[in-house]
Amino acid sequence: MDISVGLNCPTCGGAISLPEGETTISCQYCGSALFVEGDQGVTTIAFKNKALKDAAVASTQHWWTHGLKARDLKKVGKINEAYPIYLPFWKTTTRVAGWICGYEERRHTDQKGNVRVEKIPKEVMVLQDYVFSEIACDPGDLGIRTLKNMVGETSFADFDMIPTFEATTSKDAAVTKAKGDALAKARASAHVPHVTFEKLHVFAKALTMIYYPIWVVRYSYRDRMYMDTVDGVTGQVMSGRAPGDPLFQALAVTFGAAGGGLVAAGSIIYAGASYANDVRIAGVGLVVGAVILFLAYRFFRHGSERVQGEFKEKHAGVGDLLKQAQQVSKTLEGLR
Amino acid sequence: MKQKDKLFYCAQCGTMHVRNGGVEKLDYEIAEFSPNAQGEKVFMPFWRVYASLIVRSKNVEGGTLFKIANFLKGGDSGNMFIYIPAADLNTGDFRRMAVQFTSSPPRYSTRLKFGNEVRIPAAISKQEAAELADFVVVTMEAEQPGVLQRLDYTLTVNDTKLVYLPYVRNAQGQLMPGL
């Protein structure tokens with residue numbers, strides 16, 4: 001259904017009806033060309049809450065059974081309440097256009113151990129649209145900061161029944177962040193390690209406020225309270241905290257310490273053998289052993305609570321830990 | 001989602017203007033359709049930026065052919081028309097049209113009014129067009145043989161004009177040039 005705005009022509013006083021979104025019209029009585037000005041608004045979209053309470057609870061209970069959570073969570077855990085809310089998000093589309101030129105260096109080592117550095121010139125055009133989303137209010141301890149899903153039925157029909165969080169951050173701040181994010185992504189996508197020339201232009205193409213339905217599910221486990229959130233459109237768990245399992249922690253530290261020690265000791269023994277006789281093997285083995293021990297310790301340290309989502313103090317995931325481990329090994333390699 | 005036009009056209013007096021804190025009248029021209037153009041006729045907006053380019057220095061790896069070609073053309077500096085599509089196009093179409101029309105500017109006769117033909121909404125402002133002109137210039141330099149490493153240049157925008165070029169929508173819904 002089209003929405004029309006009723007106005008009076010300032011020239012002849014005739015009643016004019018203007019379709020929503022239009023800004024220019026010709027008065028049907030006197031023919032005056034009119035331009036309608038008002039506050040510059042933001043396009044607002046609300047997604048329809050498709051998930052019912054039972055589905056949100058079922059998603060939570062299904063989530064309990066995955067990801068090294070307490071093994072008896074499904075049996076002992078008790079849902080206390082589940083209710084939907086609308087959270088506001090800024091969604092911006094930003095275009096980056098420009099060029100990044102420079103070079104990358106590749107090291108080649110010949111059989112005598114001589115190192116030759118090859119300089120490979122690169123010129124990369126960046127012309128890409130980037131979508132950025134960010135929550136437009138304080139998310140508290142919900143663990144939601146960005147919007148992953150942008151597809152679904154839109155409707156404002158649920159607005160009267162579902163509590164809605166008001167936007168508290170400005171659109172200008174959102175646009176500034178989106179531009180910074182797009183620039184960073186553009187530079188990363190170019191893969192030019194040594195930049196000699198860069199000219200990038202950033203344009204904010206579109207800004208939308210999205211109200212997104214989310215189910216908050218609170219549950220208890222052995223007298224402790226936990227919470228997770230379920231996507232009201234897709235029905236998937238978005239974020240949450242759940243109890244870990246002491247057995248997994250104990251296994252991790254036991255096998256981690258044993259495995260790390262075996263790898264380190266094995267590499268030292270192998271490096272010392274007459275047919276290998278290469279100290280580098282021992283160095284690599286020590287690093288790998290230390291990484292295994294580090295990962296096991298991290299799991300032991302934080303394994304009492306499993307966390308999913310975008311929490312500020314979120315513990316590093318396996319991917320992050322592997323990145324950390326790679327950085328440590330690179331640093332050690334550089335020191336040798 | 002319905003695309004809003006950033007530009008306002010008065011069919012009574014033929015004035016095109018933009019509102020961004022105040023009214024700014026725009027200089028524009030409308031290209032005439034080819035007599036052979038068949039199908040749904042539309043006008044695509046372009047910013048035609050007249051700019052002066054001065055290349056002070058550059059460094060191109062493996063650009064032998066580039067230098068020869070450049071020498072024949074008579075240098076790196078001069079005035080040029082840069083065409084920037086003003087419609088909301090995808091990145092591929094944007095680049096293709098910008099480079100194509102800048103490297104070989106369209107020739108057309110003009111008409112005074114749009115008539116009943118549809119104007120595709122303009123989504124790119126005059127200021128953005130000036131920035132994108134800079135991008136098109138570097139693109140044309142970079143697309144020469146060799147790998148661009150450094151470009152020290154100045155691009156001064158002397159004038160910007162809005163040009164509506166004719167396009168025809170074919171049976172598949174694609175827009176084809178109607179010149």
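Let me start with Gly78(B), which, once its neighbours within four places in sequence are left aside, is in contact with Ala51(B), Ser52(B) and Leu53(B), where contact means heavy atoms within 4.5 Å. Gly78(B) has its place in strand β6 of chain B, residues 78-85, and here helices (H or I, at least four residues) and strands (E, at least two) are DSSP runs, numbered from the N terminus. At 34% relative accessibility Gly78(B) counts as partly exposed; buried means under 20% relative accessible area, exposed means over 50%, and partly exposed is in between, with a 1.4 Å probe and protein chains only. Between Gly78(B) and Cys13(B), which are 65 residues apart along the chain, the C-alpha atoms are separated by 36 Å.

Before I go on, a word on what we are looking at. This is a predicted model, in which local features need pLDDT of at least 70 and side-chain atom pairs count only at pLDDT 80 or more, while totals for chains, interfaces and linings use all residues. Residues are numbered from 1 along each chain as its sequence is written, chains are lettered from A and ligands numbered from 1 in the order in which they are written, and side-chain values use heavy atoms, with hydrogens and water left out.

Now to chain A. Its secondary structure comes to six helices and 11 strands, and of its 336 residues 38% count as buried. If we take the contacts in chain A between residues at least 6 apart in sequence, 71% of them join residues at least 24 apart.

One helix of chain A that I would like you to find is α4(A), residues 246-272, which has 27 residues and reaches 39 Å from its first C-alpha to its last, close to the 39 Å expected; the expected span of a helix is 1.5 Å times one less than its number of residues. At the N-terminal end, α4(A) is capped by Asp245(A), a side-chain oxygen of which lies 2.9 Å from the backbone nitrogen of Leu247(A). Among the buried residues of α4(A) are Gln249(A), Gly256(A), Gly260(A) and Ser267(A), and what the buried residues of this helix pack against is α5 of chain A, residues 279-302. In α5 we find Val291(A), which counts as buried at 17% relative accessibility. Val291(A) and Tyr29(A) are 262 residues apart in sequence and, C-alpha to C-alpha, 80 Å apart in space.

Next, the place where the two chains meet. The size of an interface is often given as the accessible area lost when the parts come together. Between chain B and chain A the buried area, that is, the accessible area (1.4 Å probe) that two parts lose on being put together, summed over both, is about 2,400 Å², and carbon and sulfur atoms give 62% of it. Thr91(B), Phe135(B) and Gln149(B) supply 23% of the area that chain B buries against chain A, more than any other three residues. The contact takes 30 residues from chain A and 28 residues from chain B.

How many salt bridges are there between chain B and chain A? The count is two, a salt bridge being a side-chain nitrogen of Lys or Arg within 4 Å of a carboxyl oxygen of Asp or Glu. Asp134(B) forms a salt bridge with Lys199(A), and the closest N and O atoms of this pair are 3.5 Å apart. On the side of chain B that touches chain A, α2 (91-103), α3 (126-142) and β9 (147-169) each supply at least two residues, and α3(B) gives the most, with eight residues.

That helix, α3(B), has 12 of its 17 residues buried, so it is largely enclosed by the rest of the structure. Its buried residues include Asp134(B), Phe135(B) and Glu141(B). The side chain of Glu141(B) meets that of Lys58(B) in a salt bridge, at 3.3 Å from N to O. Since Glu141(B) lies in helix α3 of chain B and Lys58(B) in strand β5 (residues 40-61), the pair ties together parts that are 83 residues apart in sequence. Glu141(B) is buried, with a relative accessible area of 14%, whereas Lys58(B), at 22%, is partly exposed.

Finally, over all chains the count comes to 28 salt bridges.

Conventions. Polar contact = N/O pair within 3.5 Å; in protein donor to acceptor, adjacent residues only side chain to side chain.
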